[in-house]
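Me: Hey, I'm new to this one. Can you walk me through it?
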Amino acid sequence: MCGIIGYAGSQNPLSVLLAGLRRLEYRGYDSAGIALTRGENDRLFICKNRGKITDLEQKLARSSAPVDARAGIGHTRWATHGEPSEKNAHPHLSQDGRFAIVHNGIIENYADLRQNLSKRGFVFQSDTDSEVIAHLIQACYEGDFKSAVAAAVRNLEGTYGIAVVCSMHPDMIVVARKGSPIVIGVGDGETIIASDASAVIQHTRHAIFLDDGDMACVTCNKVDVASLSNIPVTRELTHIDWDVGRLEKGGYEHFMLKEIHEQPQSLADSIRGRLIIEEGTSKLSGLRMEAADIVRIRRALIAACGTSLYAGIVGKYLFEDIAGIPADAQQAAELRYRNPIIEPETIMLAISQSGETADTLAAVREGIRKGALVLGICNVVGSSIARAAGRGVYLHAGPEIGVASTKAFSSQVAVLAMMALLFGRIRRLSATEGAGIASEIARLPQIAQEILNGEEEIRKTAEKYAGVRDFFFIGRGYLYPAALEGALKLKEISYIHAEGYHAAELKHGPIALLDKDVPVFAAVAASSGRIKTLANMQECRARGAPVIAVATDGDESVAAVADDIIHIPPCPEYLSPIPVVIVEQLFAYYAAKARGCPIDQPRNLAKSVTVE
Ligand code: M6R
């Protein structure tokens, strides 16, 4: 949830930390802080503040930050324990002031630890769970910095990615992880640590991803990775091939708009090299499954949250329709706590853009525990879910910075369609049937582009309805999850209350809310339930509700039941959530913009939900 950064090297650590924090601000942004080391045994310099990085920068400008700092750590926070405030902002200092820590995650036994430390005379300055780590390190210190961190961390229950500096070792940063990511960028005479590779690639493309239970001792030219029992561990140096330019807004006003516009490219990247049209199949080598394994699959269980869950519901339909595999998509928290039934030959798919969502990660672990073959469908390479699953398919959609997930959804559906094609081709599809599906998937980048070409029409419609308080989104079949996603998108960035419903469900209660002030957004494109949805739209209008339709080009019948129509190009029903959701993304974006909302950082939200 929070962002962590650390630097040891010849550049001014303060500038590097601030640049890194700006890059990480999307992860959490209610307060921020930095700690710098100076000469040996000099007091650590700490500056922290409630608010955004710009507030921290202003405070630093009024302070006497050292110009000759040797190393430093920084943090941008999304509050879990204790309100957003200066005292709760990281870094946290040990009582003797010699250790400063930044932490991402949740320490579950912090209350017990706090009580024990208090009995030993430690006085706490904050309400956080994290501060115990700083005092514990002091309590465990017997002359060796790294051993003190290891000993302290062995007492922690819960999740953590931590970075620690010490006034007695001003050139060193010690990091450790369990459940929260730590990436170490290995540069030329400089080392940068971060909770996220996006903050590292400005400096270097060579990185080490720590595993759970790892810690590392880092200086400007050395990275020693070890277990918590101080046994050296070798972790491979990975090349990160994401482009720095792609991390900038690229001329768009918001990351969300940029990422919506990237979809022709991100879809092409997700599909590239994976479709074999002439054989009517796809090639997804990360699954590491033989035809014999695929034939044996009896059931697919999909675990995910938020937008990824809605992509998962599309996946359920794709698996059943195309591959003939019974499938179920469940909210990951529900799945992990409901003692899921994993029969032999059940595969579990964990879908997550970030690959760090706590509930999805826990569902993966539960699936593995119960013997399911678990496949990760993640965007972030080397993320916790990808690594816990050990096999799966990366989206290759590129970094998604806007809190609202956009291009990840279209790539998730594209990847799920390619998986359904591969499984279906082995289990029941002819080469001709497979080739038809593969050719349709190959058209997705072009379809996305055609939606974007109609952006102006969508903007005007969104602005027309931006002043309303409540909205309904409806759809059937493949467009039912699209309705759920449309409502989620609108509510999270425009703060308009929106509900996604199956079109048939409206008259089982929600229709009572409809009147002239409650518009209904109805997707009717190429769906098998199209005629019935048209009837539902008629019912909405009869209650005075304005109806906005998303319909296929040339569908004349919609005009009689809709006040506004947004057109999408023809495409098969099983892929229609992609164009419909891109329309909904643009609709939500322009409604939020008209309302003056902070689109990339909506209130109360964080990009990556690493707590339950
Ligand atoms: O990184 P993940 O895909 O696992 O994230 C899941 C949800 O937290 C995420 O989709 C969230 O709902 C977004 N804010 C939706 O725009």
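Reply: Here is a quick tour, from domains to ligand to cysteines. This is a predicted model, where local features need pLDDT of at least 70, side-chain atom pairs count only at pLDDT 80 or more, and totals for chains, interfaces and linings use all residues. Residues are numbered from 1 along each chain as its sequence is written, and side-chain values use heavy atoms, with hydrogens and water left out.

Me: Which domains does the protein chain have?
Reply: Domain 1 covers 3–240, domain 2 covers 250–452 and domain 3 covers 454–597, with bounds from an automatic or database domain assignment.

Me: What separates the centres of domain 1 and domain 3?
Reply: 46 Å, with the centres taken over C-alpha atoms.

Me: OK, the ligand. How many residues surround it?
Reply: 15, and Ser-308, Ser-352, Ser-354, Thr-357 and Glu-492 are the closest. A residue counts if one of its heavy atoms lies within 4 Å.

Me: What about the side chain of Glu-492?
Reply: An N or O atom there is 2.4 Å from an oxygen atom of the ligand. Ser-308 has a polar side-chain atom 2.5 Å from a ligand oxygen.

Me: Switching topic: how many disulfides?
Reply: The count is 0, a disulfide being a pair of cysteine sulfur atoms within 2.5 Å. For Cys-140, the nearest cysteine sulfur is that of Cys-166, 13 Å away.

Key: A polar contact is a pair of N or O atoms within 3.5 Å; within protein, one must be able to donate a hydrogen and the other to accept it, and residues adjacent in sequence count only if both atoms are side-chain atoms.
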